[in-house]
Amino acid sequence: MTAAAQPGWGARPDEAVDALGAIEWPAERLGDALDALALEGGLGPRAVAAPIPTAGDLRSADALGAWIDQAAAYLGVEAEPIAARHDELDAALLRVAPALVWLRDGEAPRFLAIAGRRGREVSVLRADRSTARVPVEAITRRISRPLEAQVLPEIDRVLARAGVRPRRRVRARQALLRERLGAAIVDGIWSLRLPPGAPFRRQLAAARVPRRLLGLLAAHVSAYTLWILVWMTVGRSILDDHLDEGWLLAGALLLATVVPLRQLMAWLSGVVAIDASALIKQRLLSGALALEPEEVRSEGAGRFLGRVIESEAIEALAMGGGIASVASAFELVAAAVVLAQGAAGALHALLLVAWAALVVALCARFYRRRARWTAARLAMTHDLIERMVGHRTRLAQERHGRWHHGEDEALSQYALGSRELDRSQIEIGALMPRGWLIAGIAGLLPPFLAGSGSAATYAVALGGVLLASRALQGLSAGLSSLASAAIAWEQVSTLFQAAARGAAPPPPLPPDAGRSPSGAPGVAAGAESAGDVEVRPPVLEAHELSFRHKGRARPAVVDVSLRIAAGDRILLEGPSGGGKSTLSALLSGLRAPDAGLLLLNGLDRHMLGAAAWRRRVAAAPQFHENYVLAGTFAYNLLMGRRWPPMPGDLAEAEEICRELGLGELLGRMPGGLEQVVGETGWQLSHGERSRLYIARALLQGAEVVVLDESFAALDPETLEQALRCVLRRARTLVVIAHP
């Protein structure tokens, strides 16, 4: 890429803003802009033809966001929507690269492709793939034009009425704009990054972790080598029986060089740890959300809490332990070389090698003891959480004498494992490094008794002993951290690997593929006709669907075929255990069928992707599979739509709540929609929870709404009111109920 300064960038702000027109991307080349940004940002996009948006994709912010999300997934990257306050927009633009910026102040949508930053300037990709450096203030002014246009007439009237002089009016106008628009939320920015399910090596490379890690190791090697040279220069001056100013000056200069290297090491280790920890957290969270429902149910809340605890160990111990182990290994090699030059020669170095092997053996025993201790701790954690969750049931149905059955045995095993683990930690953390000092000095006895060696060689040997003691201390700490991280990895590896399940993007759509009225790809707008009878296009089609739960011989769904057209209202009835809820999960994309074909607007789940499918089909699962999260009532309503919400979202949420008969609840809650609910907040009744779940599904604005036993807890009058709301609000509706 080539970088060039645009003629208007250093001029007045208004001229710089106007000069942006030369580097904007038109809407029809939006796919090319995404591809160029991903390539420039080092994200390694797939070598495929860039997708092309249609007019339907540009009709609204939601439609554009959905298209960018799907197009980015097709290219093998992820587009994260960014929203920032108006007064923080400069800072946001400086940290989101590579990013796509939507300019809304013209008749046709235009876009900027921000590839990087340098100081207060950003590198913007032109349509010819060259770059231009642009002041961030110019881009902020351009993005803010639609917002400013709403308040500028009023501001100008105020300034004119106040008699502000023309030369001061510009600064006064900017000050009033900052005051009026400071808290306004600006969106239309998408930051590109690798998806959480991408190969972890690529994620580390994109975050520049390997490069910084190599820099950290190089700085450590350099600092350690210089430190040894300082010892050599100062020691030589002392052992020569006189202080040579030249050697002392050389030692001082070397020591002064070590200081900035140590600072560089501290900075690099912090950056590497933060970046790597962020990637690990992101991947573990993505993996947790990618688990199948059966996997979640079979584990239990206690085991998942244990995994969360162990994930912290992965972050804290893996990076620090790995870096410390590699650095200590180098220090051991350097100490062995120094010892070989000492009075005891190669035998002293071999003694160090044997001592290091003993440390490794003790660390292996520490690993086994730590594994047993961790298993006991996680079992106790799981048992405690299960007892807490079922506390009220145990109070009512379990005999008092069995409330604490098995606790003493578990505590005894845990205490025994803790004592063994503590002994191992003392052995490798304290005894071995300090014991080496005794063993290393004892290794000098043979040459001392033989009367061989000079004062200089004994000084070198003693220096090597001290260096080896420090290296062994670092090696012990590093290996123990790696052992703990390896045990933690056994607990969280399932989550880590689960993140890759949804890594493959959907196959591409033809650039000229038709669009459905809702903006979904693949089905042309309008209805087909057979003779004089209008046939509505199908939204959902199922052909011979089958599904069997893991570990069960009998399938829950067998050869189910159905056709749901736009606007249909379908009631699905059947006995308990008949597979109704399983079919609901298949239709809503929560499960993938084992056999058969399921199409949404003519595309299957693989073509659309799981996330896109769930945006188009909203489900309210059964009561025991739905939750009121600890947060505000508004958050629980709008979590499937967007958060933080826009003002119109809150108004629509309140309107739907009142239509569902929740107006009285809103009046009772002191905070209204902002009232905190959940386990630690306002307690909702069974019926209120059911209607909250219905409202949550309706507010997603999906093409199809699937309600599974959502009306079972409602009295007849409330049921009738809620049903009227659902029939009015849902475009296509599937209701599952008992006969």
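## Salt bridges in the model

A salt bridge is here a side-chain nitrogen of Lys or Arg that lies within 4 Å of a carboxyl oxygen of Asp or Glu. The structure is a predicted model, and by this rule its salt bridges come to 30.

One of them joins the side chains of R142 and E24, with 2.3 Å between N and O. This pair links distant parts of the chain, since R142 belongs to helix 5 (residues 136-162) while E24 sits in the loop between helix 1 (13-18) and strand 2 (25-26), 118 residues apart. Both R142 and E24 are buried.

E659 takes part in a salt bridge with R728, in which the closest N and O atoms are 3.2 Å apart. Because E659 lies in helix 21 (residues 647-659) and R728 in helix 24 (residues 716-729), the pair ties together parts that are 69 residues apart in sequence. The side chain of E659 also meets that of R729 in a salt bridge, at 2.9 Å from N to O. R729 lies in helix 24 and E659 in helix 21, so this pair ties together parts that are 70 residues apart in sequence.

R728, with a relative accessible area of 53%, is exposed, whereas R729 counts as partly exposed at 26%. E659, R728 and R729 belong to a network of salt bridges that also links R641, R642, D649, E652 and E655.

## The second largest pocket

The second largest pocket has a volume of about 890 Å³. Its lining is made up of 26 residues, and those that lie nearest the centre of the pocket are A97, P98, A206, A207 and R208. By residue class, the lining divides into 14 nonpolar, five polar and seven charged residues.

Several elements contribute to this lining, with at least two residues supplied by each of strand 3 (78-85), strand 8 (185-193), helix 7 (200-206), helix 8 (209-239) and helix 9 (245-290). Helix 9 provides the largest share of the lining, namely five residues.

## A nonpolar patch on the surface

On the surface, L305, V308 and I309 form a nonpolar patch, and together these residues have about 230 Å² of accessible area. V308, one of the residues in this patch, is found in helix 11 (residues 301-340). With a relative accessible area of 48%, V308 is partly exposed, because the word exposed is kept for values over 50%.

Key
Residues are numbered from 1 along each chain as its sequence is written. This is a predicted model: local features need pLDDT of at least 70, side-chain atom pairs count only at pLDDT 80 or more; totals for chains, interfaces and linings use all residues. Side-chain values use heavy atoms; hydrogens and water are left out. On a 1 Å grid over the protein atoms alone, a cavity is a set of points where a 1.4 Å probe fits but cannot get out, and a pocket is an open set with protein on both sides within 12 Å along at least five of seven lines; lining residues have an atom within 4 Å of a point. Grid points are joined across faces, edges and corners, and a volume is the space filled by probe spheres set on the points. Helices (H or I, at least four residues) and strands (E, at least two) are DSSP runs, numbered from the N terminus. Ala, Val, Leu, Ile, Met, Phe, Trp, Tyr, Cys and Pro count as nonpolar, Asp, Glu, Lys and Arg as charged, and the others, Gly among them, as polar. Patches are made of residues with over 30% relative accessible area and no salt bridge: like charges are joined within 9 Å, nonpolar side chains (Val, Leu, Ile, Met, Phe, Trp, Tyr) within 5 Å. Accessible areas come from the Shrake-Rupley method with a 1.4 Å probe; for residues, only the protein chains shown count as cover. Buried means under 20% relative accessible area, exposed over 50%, partly exposed in between (1.4 Å probe, protein chains only).
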